[in-house]
Amino acid sequence: MQFKYLAAFALGASLAAATGIPASQCNTGPVQCCNSTGTAKDPSISKLLGLLNINVSDITAIIGVTCTPISVIGVGGNSCTAQPVCCSNNNFNGVVAIGCVPVSL
């Protein structure tokens, strides 16, 4: 059941991913700074998801890897030199974030 819920959020996020959103419109939690992003079909991401026992084979949304929350207000030192994203499922302690949409800071 959890995966059906996750799939619904990720589908919505993947539809919005084509254009990206302003960081101020991220309402799923803090904006994340991920070292890399990709899909479940990317070999390295697929392997990581398998190690974490996460089945997202039906999800086509963007997945962030090694993510940390960042401030969108621009407090000193909180910047993202990798990929800033807004994700609908951040329940994996920053290892992965699922259902991500690129944001502009």
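**Entry 1: Asn89**

I looked up Asn89 and found it buried, with a relative accessible area of 7%. I take buried as under 20% relative accessible area, exposed as over 50% and partly exposed as in between, with a 1.4 Å probe and protein chains only. Asn89 belongs to strand E4. I use helix and strand for DSSP runs numbered from the N terminus, where helices are H or I with at least four residues and strands are E with at least two. The side chain of Asn89 makes a polar contact with the side chain of Asn91, at 3.0 Å. A polar contact is a pair of N or O atoms within 3.5 Å; within protein, one must be able to donate a hydrogen and the other to accept it, and residues adjacent in sequence count only if both atoms are side-chain atoms.

**Entry 2: source and confidence**

I note that this is a predicted model, in which local features need pLDDT of at least 70 and side-chain atom pairs count only at pLDDT 80 or more, while totals for chains, interfaces and linings use all residues. Residues are numbered from 1 along each chain as its sequence is written, and side-chain values use heavy atoms, with hydrogens and water left out.

I checked pLDDT, the predictor's confidence in each residue from 0 to 100. The protein averages 74, and 72% of the residues score at least 70. Confidence is lowest in helix H1 (residues 2-16), with a mean of 41, and highest in E2, at 90. Over residues 1-18 the pLDDT is below 50, and this stretch has 22 contacts in the model beyond near neighbours in sequence. Contact here means heavy atoms within 4.5 Å.

**Entry 3: overall layout**

I recorded 2 helices and 5 strands in the protein. From the N terminus on, their order is α-β-β-α-β-β-β. Of the 105 residues, 38% count as buried. I also recorded an accessible surface of about 6100 Å², of which 56% belongs to carbon and sulfur atoms; these areas come from the Shrake-Rupley method with a 1.4 Å probe, and for residues only the protein chains shown count as cover. Among contacts between residues at least 6 apart in sequence, 73% join residues at least 24 apart.

**Entry 4: strand pairing**

I followed the strand pairs, where two strands pair if DSSP finds at least two bridges between them. E2 (residues 31-38) is joined to E3 (residues 62-70) by 7 bridges, antiparallel. E2 also pairs with E4 in the antiparallel sense, over 3 bridges. E3 and E5 (residues 96-104) are antiparallel and share 4 bridges. E4 and E5, likewise antiparallel, are joined by 4 bridges.

E4 covers residues 83-89 and is mostly covered, with 5 of its 7 residues buried. E4 and E5 form a hairpin with 6 residues between them.

**Entry 5: Gln32**

In E4, Val85 stands opposite Gln32, and Val85 in turn stands opposite Pro102 in E5. Not counting residues up to four places away in sequence, Gln32 touches residues including Cys67, Ile70, Gln83 and Asn90.

**Entry 6: Ile63 and the cores**

I then looked up nonpolar cores, meaning sets of buried Ala, Val, Leu, Ile, Met, Phe, Trp, Tyr and Cys residues joined through side-chain atoms within 4.5 Å. The largest has 11 residues in all, among them Leu49, Ile63 and Ile98. Helix H2 (43-51), E3 and E5 each supply at least two residues of this core. A second, separate core of 10 residues includes Cys33, Cys80, Cys86 and Val101.

For Ile63, I found Gly38 standing opposite and Ile98 as its bridge partner in E5. Leaving aside neighbours within four places in sequence, the contacts of Ile63 include Ser36, Ala40, Ile45, Val56, Val96 and Cys100.

**Entry 7: positive phi values**

I asked which residue in the turn between E4 and E5 has a positive phi. Asn93 has a positive phi of about 55 degrees although it is not a glycine. Asn93 counts as exposed, at 78% relative accessibility.

Thr66 is another residue other than glycine with a positive phi, near 55 degrees. Thr66 lies in strand E3 and counts as partly exposed, at 41% relative accessibility.
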